[in-house]
Each structure stands twice: as C-alpha cells, then as structure tokens.
Amino acid sequence: MTDGAWLSLFSGGKDSSWALYQALQQDLPVERLVTVHPQGDSYMYHVPATELATLAADSVGIPLVDVHPDAFEAEDATDATAQGDAELEPLEAAVRELDAELPGGVGGVVAGAVESEFQTSRIEGLCERLDADLFAPLWKREPETLAREMLDAGFEIRIIQVAAAGLDDSWLGRQLDAAALDELLARNDEYGVHVLGEGGEFETLVTDGPHMDRPIELDAETVWDGTRGHLRIDDAWLA
C-alpha cells in the first residue's frame, strides 16, 4: 500500500457507493470523492442525477470534487478507443491537481467497476502514471452476490433510469430490494438484463446506507418515451 490520500470515484450510484463503503470498511484513508458530470452521453461515466452526489457526499462526510468537462459528444463518436481516452483526460487532470494539492499526494484510487474492461483499463493506466494503488472491490465479482451483499448491508437503492427490454416505467423510482432483485433475475433469464444494470439497462441512486448519516429524500416525476425513461428529480434534500 502506497502512502498518500485516497480518492473515490463517485457518482452516487450503487456501484461507486459500494466501492466507497468497502474502502471505508478497509480503513483506507479516503479524503476526497471525485464526481465527473458529463454533458450528454458518455462512454466512461455514469450520467443521470450526478448533481445529487453533492448531497450524498454531505451525508457521507467526505469532501467532494466536481469535474465539469466540456461536452463529450459521445453520440457522434466513431472510434471508441479514442473516445474513451478523451473522456479520461478531464478526470486525470483533476486527479493530478489533487496529487499536487493533498499532503503526501494521491496514494490510491477507489473505483466501482464490475465488468467493464473499457473503463477499468483506463483507470488502471491513470493509477500507473500517478504511481497510485487501485482498489476495485467489485471487479469480476458475481453480480447476484454483489447485489445481495449491498442489500444485506442496508443499502437503500432507487432505480432512476431504465433502458432495456423487460423493464417498463413501473421500475422508475422503485427501490431495489429483495423482491426487485428476484424479478431482475427473471428478466435476466428472459431478456438478458444484467442483474446490476452493467450494460446501461438501468441506473441507480443510493439514498441511504450504513456509511451515510442522513438519507436522501426525493421529489421526482417519471419521464417515459415508450421504451426507456428516467426520473426527473425536481427537488432533493437530506432528511
């Protein structure tokens, strides 16, 4: 384990929140959360409701660093490799600034990647260039086991976006509990929906957990176009 502060890449969704929780359980000195706020689509980053990461960070009690890149224009990309490299640049610039700012520099990065080689290889490269460790506790874990571990730990997970056959508007705003997980397993068998939404089938927000002092409350409405949809969050606050 290298010396220095740890950063946790954080969107407020279940995977990054679980990775952060595991890092805290391991007593890693996480001194900053880092949230990238894409404009539009992204190959690298969680997109919906990243503005709520501020509330989550307040509840967790760790300072948040916001990264607001220019539009990635991912919808027009023709070269995935080049697009991923370009999207990494603003994150790496922010991490390098923290490396210069924090006493002892950046010693490690926490990431919530589960299966994406595309994302993980780039984060690994960033860590290598900074001579920092990478802690990726979800990497290559069995999805159902991970989901049940999150629920058993007391994570309150809301589904805020869906984009997959087999998932209709009734899933928007739904809590990912044991019953919902069983239904997702059935959707996996029938439609191939990933149990953790790893292919973008659904996105989540963690509204409460053992690492949070106060839960996040939402005032939201469903937006549905017939095949996909999201929660339009009109207001959010810590209870």
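Me: Why is Glu-117 called partly exposed?
Reply: The model is a predicted one. In it, Glu-117 has a relative accessibility of 48%. Buried means under 20% and exposed means over 50%. The value 48% lies in between, so Glu-117 counts as partly exposed.

Me: What makes Lys-140 and Glu-117 a salt bridge?
Reply: Their closest N and O atoms are 3.9 Å apart. The cut-off is within 4 Å. The pair therefore qualifies as a salt bridge. It links distant parts of the chain, 23 residues apart. Lys-140 sits in the loop between strand E5 and helix H5, and Glu-117 in helix H4.

Me: How many salt bridges does a search of the whole structure find?
Reply: It finds 13.

Me: How do you know that Arg-174 and Glu-183 form a salt bridge?
Reply: Their closest N and O atoms are 2.8 Å apart. That is within 4 Å, so the pair counts.

Me: Why is Arg-174 called partly exposed?
Reply: Its relative accessible area is 22%. Buried would need under 20%, and exposed over 50%, so Arg-174 is partly exposed. Glu-183, with 28%, is partly exposed too.

Me: What makes Asp-234 and Arg-232 a salt bridge?
Reply: The N to O distance is 3.2 Å. The limit is 4 Å, so the two side chains meet in a salt bridge. Asp-234 is partly exposed at 39%, and Arg-232 is partly exposed at 39%.

Me: Which residues are linked in a network of salt bridges?
Reply: Glu-92, Arg-96 and Arg-129.

Terms used: Residues numbered from 1 in each chain as written. Predicted model: local features only at pLDDT ≥ 70, side-chain atom pairs only at ≥ 80, totals over all residues. Heavy atoms only, no water. Helix = DSSP H or I, 4+ residues; strand = E, 2+ residues; numbered from the N terminus. Buried < 20%, exposed > 50% of the residue type's maximum accessible area, 1.4 Å probe, protein only.
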